[in-house]
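Dear colleague,

Please find below the structure that I am handing over to you, with the sequence. My findings follow directly after it.

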Amino acid sequence: MTSSLAPSTTTPLQVSAFDPERIRGEFPILATRVNGRPLVYLDNAATTQKPRAVIDAVTRYYASENANIHRGVHYLSQLATEAYETVRQKVAAFLNAPSSREIVFVRGTTEGINLVAQTYGRAFLGAGDEVLITGMEHHSNIVPWQLLAAQTGVVLRVAPIDDRGELDLAGFERSLSERTRLVAVVHLSNALGTINPVRRICEMARARGIPVLVDGAQSASHLRIDVRELGCDFFVFSGHKLFGPTGIGVLYGREALLERMPPWQGGGDMISSVTFAESTWAGLPAKFEAGTPHIAGVVGLGAAIDWVSAVGLDVVAAHERDLLEHASAEISEVPGVRLVGTPRERASILSFALDGIHPHDVGQVLDAEGVAIRAGHHCAQPVMARFGVAATARASFAVYNTRDEVAALVRGLHRVRQVFGV
Amino acid sequence: MMELSALYQDVILEHNRSPRNFHRMDDADRHAEGRNPLCGDQLTVWLKLNGDRVSDVSFEGSGCAISKASASLMTAAVKGKTRSEIDRLFQRFHDVVTGNSSPETESRRELGKLAVFSGISAFPVRVKCATLSWHALKAALEQGAGAVSTE
């Protein structure tokens, strides 16, 4: 299934016609110099940079369209409402969701998961019921379930991962029990780069009548997402990792489930009527959007989706796959480098350790070379524990990265070894 | 831009490679753990007291070059000192790494070898690395045992 917004661009010919330099020109920040050197931005898993189209859309909104939405009869309010609701349809098409009623705007992936835990979880899960996650989850797909567990007596179970950093699918299936009521799984691991077999996971869960939440924080900017093809019940992602603004994200939920779920936050816009005795709730998706939302963020997210769809996520994926394979081979040549996580299906992310040198020191020396990577536990401490490290260095690639930047990273790693005399 | 060599001075790199007093101390009077939750750095400081004086001190843990070298140099600096001398030294050290002390002042001279960490003031995110072991030492002196966090 091809999204109506994404041009079909799967042939090798079109891939080779891809020009990262033209793409780079659309990102003002990529012209920055850091410590006297050109910025090499390889921290895309933390947040992506923003193309001019997104920056301009947010500026244009504040300069000429700003008003509150949904309740004004005046011109600007109608303009803002239309801009906001148009993006909802755009997001639905981007995810191939059946209806824009299934698209709820939230602050980001974290808020989306918390929303599901606190509404679906508290309404339909009870003591002894199980939520199944995997051993490679980000803290944002662990802690909300622990909070739910403390409130309701729900039990959190964890499906194992293997030494490559892949989900043990047989172990996952064994972890599905009579009491499993929800599966929550990361699509693309932020710490290891692993792409999980989400379709298979959804099939296994569906066969047992268990809904599945997919954490798409990392995947949405690297893989084409089709929630119908994946077969998931909830899909969550953040705008800022998809070239959009911070503070805006999306929860997709299957309509039948969203209908049954109680509201999350109470306030304006989420009600049908209010008296001091009682209130009734608005329909979908307003029921989950109390208060004035991040309208400018939604507008920016719409511009980001337009931008990435015009480039084509298949083209993005092909370019990044090429870059990741190249980087993986080049980095492995640096003496003392050990890759943490070597999954067969992977995207964007390379986590590694350098013998005898702490990742923070690696990051510090690279910064002096203008190379921005992440060093730390990546909000995935259980993953670090699984691989017996406290932290890793992580390079994460986006559509605008180049082989020259991989070369700068590798030069930087040699410099690190030189500084530390190893 | 601050040169890297101001941060990673030779003394620091050398203590990172061969940390002093780097071992558990099973017969310690006091110990405390220090954690930097943002980066996962963790170390434990053990000490023996002779009255008000620290007669022996050691540490163990995992962390970056700055936290390891700082802990190593700290153990060498505080051995034989009284609590109030250590408090004063930590205050001086803190002033220097946070940039609240001008060069060539009395406090810098008091620091001796610890002054190699003055370059950290240009790298504010690394201040927590340099002070982690000091916070753990302080906790051990004050509480006897427990854990401290940089957050």
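In chain B of this predicted model, helices α4(B) and α6(B) are roughly antiparallel to each other, because their axes cross at roughly 165°, and angles over 145° count as roughly antiparallel. Helix α4 of chain B covers residues 83–97 and helix α6 of chain B covers residues 127–143; their axes come within 11 Å. The crossing of the two helices is left-handed. On the α4(B) side, the residues that meet the partner helix are R83(B), F90(B), F93(B), H94(B) and V97(B). Their counterparts in α6(B) are V127(B), A130(B), T131(B), W134(B), K138(B) and L141(B).

As for the chain that holds this pair, chain B contains six helices and four strands. Their order along the sequence is α-α-β-β-β-α-α-α-α-β. The globule rule gives 15 Å for 151 residues, and the radius of gyration of chain B is close to this at 14 Å, so chain B is as compact as a globular protein of that length. Its C-alpha trace spans about 45 × 35 × 30 Å along the principal axes. Of the 151 residues in chain B, 45% are buried. Among its contacts between residues at least 6 apart in sequence, 62% join residues at least 24 apart.

Turning to chain A, its secondary structure comprises 15 helices and 17 strands. Its radius of gyration is 22 Å, which agrees with the value near 22 Å that a compact globule of 422 residues would have. Taken along the principal axes, the box filled by its C-alpha atoms is roughly 75 × 55 × 40 Å. Buried residues account for 50% of the 422 residues of chain A. Of the contacts in chain A with a separation of 6 or more, 71% are between residues 24 or more positions apart.

A word on confidence in chain A is also in order. The mean pLDDT of chain A is 94, and 96% of its residues reach 70 or more. Over residues 1–16 of chain A, however, the pLDDT is below 50; this stretch has 26 contacts in the model beyond near neighbours in sequence.

Finally, which residues bring the two chains together? In the model, 16 residues of chain A are in contact with ten residues of chain B. On the side of chain A that touches chain B, the elements that give two or more residues are α13 (359–368) and α14 (381–386) of chain A. Helix α13(A) gives the most to that side, with four residues.

With kind regards

Methods:
Residues numbered from 1 in each chain as written. Chains lettered and ligands numbered in written order. Predicted model: local features only at pLDDT ≥ 70, side-chain atom pairs only at ≥ 80, totals over all residues. pLDDT = per-residue confidence, 0-100. Contact = placed C-beta atoms within 7 Å. Rg over C-alpha atoms; globule rule 2.2 N^0.38 Å. Buried ≥ 20, exposed ≤ 12 C-beta atoms within 10 Å, placed from the backbone. Axes fitted to C-alpha atoms, helices over the stretch in contact; angles between N-to-C directions. Parallel < 35°, antiparallel > 145°, perpendicular 65-115°, else oblique. Left-handed = near helix turned anticlockwise from the far one by under 90°.
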